[in-house]
Amino acid sequence: MAKKPSWWLWAAAVITYLFLYLPLVIVVVFSFNDSKLNAEWVGFTTHWYTQLFQNEKMLTAAGNSLMIGIVSSLFSTVFGTLAGVALSKYKLRLLPFLVLTPIAIPEILMGVSLVIFYVLVNQMIGILELGMSTIILSHIAFCIGFVAIVVRARMQGMDESLVEAARDLGATPLQAFRLVTLPLIMPGIIAGALMAFTLSIDDFVITFFTAGAGASTLPLEIYSMIKIAVTPEVNAVSSLLMLLTLVLIVIASRVSPSALRTNG
Amino acid sequence: MNWVKNNLGKWVLSWPPLVYLVLFFLVPTTIMFVAAFRFPGEFGGLAPMYNIEDGKLVWDLTLENFQRLFEEPLYWQLFLKSAGYATVTTLSCIAMGYPLAWLIARSPKKYRDLLLLLVILPFWSNFLIRIYAWMIILGPASAFTRAVNVVVTSLGFEPVQLLFTPFAVIVGMVYVHLPFMVLPLYANLEKHDLALLDAAQDLGASAWQRFWKVTWPLSLPGVFAGSALVFIPALGMFAIPDILGGTDSIMIGNLIKQQILDTRDWPFGSVLSIMLTGGVLLMAALGAVLARRGKRG
C-alpha cells in the first residue's frame, strides 16, 4: 500500500476548510453583534433580527422570492423530468444542446439575451413586461437543465427490465411509465425540484437583468443593501437564508438516499 | 401509423422542454446575435432593422458596433484583464483544491462522502452572502486587515488596503469557485491505481518524483475539467468585481451590464456578449482537446 497522507497534506486541507467556513461563521456571529460596525464583538443582541422582520421591503422581497421559487421549481421540474427521461431513453439532437448549454455558459449571457427578448416582445405585442412573470420564465429556463441532469442520472441507474416486465404483464406504455418508471425515479425528481428551488431562491445575475423595476427578490435586496450601506441587518438576513438552505439540503439528503436503499 | 406509435413517447417527452427552451433560450440568444448588427435606438434599445423608403424595403444593419470594439484599445485591454483575472483564479483554485481533493481521495471510504459534503455545503449558501462575508473580513477595520497591517508596518512598509482591490476580487472569485475545482479533481484522483505508486517507489522514485511522474500526469483530465468549470464562469463575472473590487477592478461583465442596463446601448452590449461567448467557446474547445490529450498520454 502507498503511504498514508502526510502531515502537510492534512495541514493544507485544514486551512482550506477554514477558508471555506470562517467567512460564513463570521456572518452568523456578527448577526448577533450589538454594534453597527462589522469589526469587533461588542455584545449579544437579537436586535438585527427584529429590525429585519419590521423591514417592509425585505418582507415583500422574501415573499416574492418564495413565490418565484415555488412556481419556477414546479414548472422546471415537470419540463426537466420530461427532458431527463427523454435524454436517457432516446438519441436526440437538439434537446441535449438546449438542456446543457444554459448550464455551461456564464449566467450573464442568458441575462442579457433574455432582457433584450422580453423588452422587444413587450414593445411588439404588449405582453411580458419586466417583473415577476419574466423572472419566473427565466428561472424555469435555467433550472430545466439541472433537473434534467439529476433525473437522467437516476434513469440510468434504473433497471430497465422492470419496465419490460410490466409491459409483458399487459401494461400500456403510459401505465408502465406512471406505475413503474415514475415511482422509481421519484427521488431524483424530488432532488431536482429542491435543487431548482434553491437555485431560484439564490439566483442573482439572471434576476438582476430580468426583474426590471417591477419586482424585487431577496438577493436583489441584499445586493442593494451591500451597495448602499452595510448594516448587520444584512448579516441577519444572510444567516436566515443559510439556515433555509441547510434545511433544504437535509431534506434532500433524507429523501434521496433512503429511497435509494429501498428501491435500488 | 406505426411510425407515430413508435415515436409517440419520444415526442410527448421531448417536445414540451424543447419548445420551452427554444422560446426562452434559443430565440433570445439569436436575437442578441442579430442585435449586434443594428443601430442603437434613439432612447436606448434597438433601432428598426429595416425602413420602408419609397415603398422599398431598405435594410438598416451595420458593422459599426464591431468596429468600435476593434478601434478602442480600452475594450481589448478589458478583455485581456478579465482573462487575466480568470486565469489567476483558476491557478489559485488548482493550488488550493489539489491537496484537498487528494486528501479526500486517500482518506478512508467512510469519511469521503462527509469530507466532500463539507466542500459542497458552502456552495449552497447564497452567492452574494459569500462575497459579502469577504467584505467584512477584508474591510479596513476588521481584525484580519489590522493583523496584516501590523506585519506590513513592522517590516517597514506603508499600511495596505485590502478591500476594493484586485486582490479582494481574486479572493472572492477563488472562494466562490473552489468547489468546482475540487469535485472533478476528486473524481479523477479517486480512480487512480495505487499500485502504480508502489511500483514507482520500488523502482526508487522519491515522493516528489512519484507525484510529478505518476499522479500529476494521470490527474490532468481532472485538472482540465476543473479549470474549464472555474475559468468560464469567472470570465463573465460582474457581481464580485462590483462588490469587492474598486473602479480599477472592473471586468468585461461589468461593462456588459453597464451597456445593457445603464447606457442602454444594446447593439454594443450584444457585441461584447458575443465576444464573451467566443472566449468561452474557445476555452471550452481548448479544455476538451487538452482533456483528451491528457487521457491518452
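Guide: Contact here means heavy atoms within 4.5 Å. This is a predicted model, in which local features need pLDDT of at least 70, side-chain atom pairs count only at pLDDT 80 or more, and totals for chains, interfaces and linings use all residues. Residues are numbered from 1 along each chain as its sequence is written, chains are lettered from A and ligands numbered from 1 in the order in which they are written, and side-chain values use heavy atoms, with hydrogens and water left out.

Visitor: Which residues does A:Phe204 touch?

Guide: Leaving aside residues up to four places away in sequence, A:Phe204 touches A:Pro219, A:Leu220 and A:Tyr223, together with B:Phe127, B:Leu128, B:Phe238 and B:Ala239.

Visitor: And which residues touch the most other members of the largest nonpolar core?

Guide: A:Phe204 is one of them, and the others are A:Ile108, A:Ile116, A:Phe209, B:Phe127, B:Ile240 and B:Leu244. This core has 161 residues. A nonpolar core is a set of buried Ala, Val, Leu, Ile, Met, Phe, Trp, Tyr and Cys residues joined through side-chain atoms within 4.5 Å. Buried means under 20% relative accessible area, exposed over 50%, and partly exposed in between (1.4 Å probe, protein chains only).

Visitor: How many helices and strands does chain A have?

Guide: Chain A has 11 helices and 0 strands. Helices (H or I, at least four residues) and strands (E, at least two) are DSSP runs, numbered from the N terminus. Of the 264 residues in chain A, 51% are buried.

Visitor: Where does UniProt put transmembrane regions in chain A?

Guide: The unreviewed UniProt entry lists several, including residues 66-87 and 204-222. Such positions are given in the numbering used here, feature names are shortened, and annotations may be inferred rather than shown by experiment. In the model, residues 66-87 of chain A are 100% helix, with the end C-alpha atoms 30 Å apart. Residues 204-222 of chain A are 58% helix, and their end C-alpha atoms are 10 Å apart.

Visitor: Changing topic, is B:Ile52 buried or exposed?

Guide: B:Ile52 is exposed, with a relative accessible area of 58%. B:Ile52 lies in strand E1 of chain B.
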